[in-house]
Amino acid sequence: MYFDAATATPLHPAAREALLGALDDGWADPGKLYTQARRARLLLDAARDTFAQVLGVRPDEVTFTGSGTTAAHAAVLGGLAGRRRAGAALVRSAIEHSAVLHAGERHVRAGGTEAEVPVDRLGRVDLDAWARAVSAPGVALASLISASHEVGTVQPVAAAAAACRDCGVPLYVDAAQSLGRMPVPDGWSLLSGSARKWGGPPGVGLLVVRKGTRWVSPYPADDRESGRFPGAPDLPAIIAAAASLHAVHETAAQEGKRLSELVDRVRTTVAATVPDVEIVGDPVDRLPHVVTFSCLYVDGEALLTALDRRGFAVSSGSACTSSTLQPSHVLAAMGVLTHGNIRLSLHRDSTAEQVDRFLAELPGIVTALRAEVGM
Amino acid sequence: MKADTPVDVLDCLGQRCPLPVIALAKRLPTMPVGAVVRVLADDPAAAVDIPAWCRMRAQEYLGAVSVDGSPAFDVRRLT
């Protein structure tokens with residue numbers, strides 16, 4: 001039972017079909033001037049048109065990158081480079097994806113500055129602090145995740161964008177968890193996404209640079225993707241990503257409702273059946289498919305291992321499950337318990353039966369792990 | 001003796017979370033209501049999890065201090 005869609009979603013059937021077809025037709029370099037290349041170019045253009053249509057942007061604003069992570073790097077570093085004359089400060093929320101944090105660290109090492117805007121206990125950015133931060137002198141770019149990838153809380157993107165607009169600061173929105181599931185409000189200048197989050201193949205990232213945005217490529221010069229991202233694009237994977245985005249976009253409302261009801265069931269049942277548990281994130285204004293909770297006195301790694309042994313694949317923000325042994329910066333910023341942490345993220349193959357089985361087995365697993373430490 | 005002076009110190013240095021929180025949860029109920037315990041813990045999660053535990057269990061988190069260069073956290077038993 002796979003409950004880690006927020007990391008990677010199983011390949012959507014539409015993506016699989018498109019990928020297999022594209023392996024035969026999409027291998028040539030779309031930049032060349034012969035028949036095979038023209039066919040590849042047509043396929044790439046069609047994929048770009050699909051993305052533009054779903055996102056409500058112009059096709060020439062859409063760039064394909066090698067992953068969601070590289071798209072986030074390109075958005076942050078390119079957005080900062082394009083506004084170098086306006087200043088050297090990056091404003092970001094405390095709960096951005098690590099890709100944004102790492103891009104910010106590089107910016108600071110290169111002499112730039114960074115201002116972190118806190119979140120409340122539910123994981124929602126403090127809008128007053130945000131407005132103060134973006135109105136400070138010398139802000140080049142502001143970065144806000146559309147909805148927390150760890151706890152699901154939807155961010156006030158429209159209000160944050162309005163604050164940015166008032167100060168003439170471009171806003172970058174990391175929409176990796178929202179695309180294909182829920183709409184992203186307007187008002188941003190840069191946006192990124194990751195195909196494997198919506199049932200596309202891994203290795204396809206999306207960068208959208210709106211017209212009029214000052215953005216300078218952080219990479220050595222390359223003429224692919226209008227000079228925005230270097231290297232030959234993985235055309236078959238991009239075609240598959242477009243097919244799956246189109247497919248999930250069509251069914252997003254009803255699928256979101258179904259998954260959201262399952263998430264409600266998890267939130268209610270875990271709170272009722274597991275003592276000393278903290279269910280985190282906004283219970284209502286949240287992603288439809290993500291639910292996160294922490295169990296007191298339980299080692300996160302032991303919990304993951306016990307669940308895996310019973311066939312449940314979940315994710316954790318606990319320190320012992322990370323390579324750095326640091327607790328999740330998102331949970332820490334919210335001030336909520338970081339140990340014994342579990343994130344379930346559901347997808348189109350997730351069923352009520354699977355969720356119920358998880359809910360039936362979890363209390364016993366937690367009780368056993370607590371007993372091992374005398375609690 | 002000042003009211004906030006710890007009457008007991010739990011040395012959890014070198015222990016990974018959730019062990020410092022477990023040690024605190026076991027010790028606090030053995031102390032009188034109003035007493036303060038100090039937890040020495042250098043696991044990075046302790047700085048978040050000890051205040052979170054206090055909030056969940058309705059105990060009072062008094063704050064972090066540095067003891068001989070190591071992080072320490074003071075908690076008062078309320079209930």
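Predicted model: local features only at pLDDT ≥ 70, side-chain atom pairs only at ≥ 80, totals over all residues.

Me: Is A:Gly111 buried or exposed?

Reply: A residue counts as exposed when its relative accessible area is over 50%. A:Gly111 has 60% relative accessibility, so this glycine is exposed.

Me: What separates the C-alpha atoms of A:Gly111 and A:Pro202?

Reply: Along the chain, A:Gly111 and A:Pro202 are 91 residues apart.

Me: On to the aromatic rings. How many aromatic pairs does the structure hold, and how are the rings of A:Phe3 and A:Phe312 arranged?

Reply: Over all chains, the structure holds six aromatic pairs. For A:Phe3 and A:Phe312, the ring centres are 6.3 Å apart and the planes are at 15°. Planes under 30 degrees apart count as stacked, so with that angle of 15° the pair of A:Phe3 and A:Phe312 is stacked.

Me: Which parts of the chain does that pair link, and how many residues apart are they?

Reply: A:Phe3 is in the segment before helix H1 (13–25) of chain A. A:Phe312 is in the loop between helix H9 (300–309) and helix H10 (329–334) of chain A. The pair thus links distant parts of the chain, and its two residues are 309 residues apart.

Me: How are the rings of A:Phe312 and A:Phe358 arranged?

Reply: The rings of A:Phe312 and A:Phe358 have their centres 5.5 Å apart, with their planes at 80°. Planes over 60 degrees apart count as edge-to-face. The angle of 80° therefore makes the pair of A:Phe312 and A:Phe358 edge-to-face.

Me: How many residues apart in sequence are the parts that this pair ties together?

Reply: A:Phe312 lies in the loop between H9 and H10 of chain A, while A:Phe358 is in helix H11 (residues 352–372) of chain A. The pair therefore ties together parts whose separation in sequence is 46 residues.

Me: Are A:Phe312 and A:Phe358 buried or exposed, and which residues form one aromatic cluster with them?

Reply: Buried means under 20% relative accessible area. A:Phe312 has 1% and is buried, and A:Phe358, at 0%, is buried too. One aromatic cluster is formed by A:Phe312, A:Phe358 and A:Phe3.

Me: Over which ring does the charged end of A:Arg210 sit?

Reply: The charged end of A:Arg210 is 5.3 Å from the centre of the ring in question. That ring belongs to A:Trp188.

Me: Now for helices. Are H1(A) and H7(A) roughly parallel or roughly antiparallel?

Reply: The axes of H1(A) and helix H7 (residues 235–250) of chain A come within 8 Å and cross at roughly 155°. Residues that meet there include A:Ala18 and A:Leu19 in H1(A), and A:Ala240 and A:Ala243 in H7(A). The crossing of H1(A) past H7(A) is right-handed. Angles over 145 degrees count as roughly antiparallel, so H1(A) and H7(A) are roughly antiparallel.

Me: And H5(A) with H6(A): roughly parallel or roughly antiparallel?

Reply: Helix H5 (residues 127–134) and helix H6 (residues 157–167), both of chain A, have axes that come within 9 Å and cross at roughly 25°. That makes H5(A) and H6(A) roughly parallel.

Me: What is phi of A:Ser226?

Reply: A:Ser226 is placed in the loop between strand E7 (205–209) and H7 of chain A. At 64% relative accessibility, A:Ser226 is exposed. Its phi is positive, in a residue other than glycine, with a value near 55°.

Me: Last one, in chain B. Is the peptide bond from B:Cys17 to B:Pro18 cis or trans?

Reply: B:Pro18 has its place in the loop between strand E1 (8–11) and helix H1 (19–27) of chain B. The bond leading from B:Cys17 to B:Pro18 has omega near 15° and is cis.

How values were computed
Residues numbered from 1 in each chain as written. Chains lettered and ligands numbered in written order. Heavy atoms only, no water. Phe/Tyr/Trp six-rings, centres within 6.5 Å; stacked < 30°, edge-to-face > 60°. Helix = DSSP H or I, 4+ residues; strand = E, 2+ residues; numbered from the N terminus. Buried < 20%, exposed > 50% of the residue type's maximum accessible area, 1.4 Å probe, protein only. Lys NZ or Arg CZ within 6 Å of the ring centre and 35° of its normal. Axes fitted to C-alpha atoms, helices over the stretch in contact; angles between N-to-C directions. Parallel < 35°, antiparallel > 145°, perpendicular 65-115°, else oblique. Left-handed = near helix turned anticlockwise from the far one by under 90°. Contact = heavy atoms within 4.5 Å.
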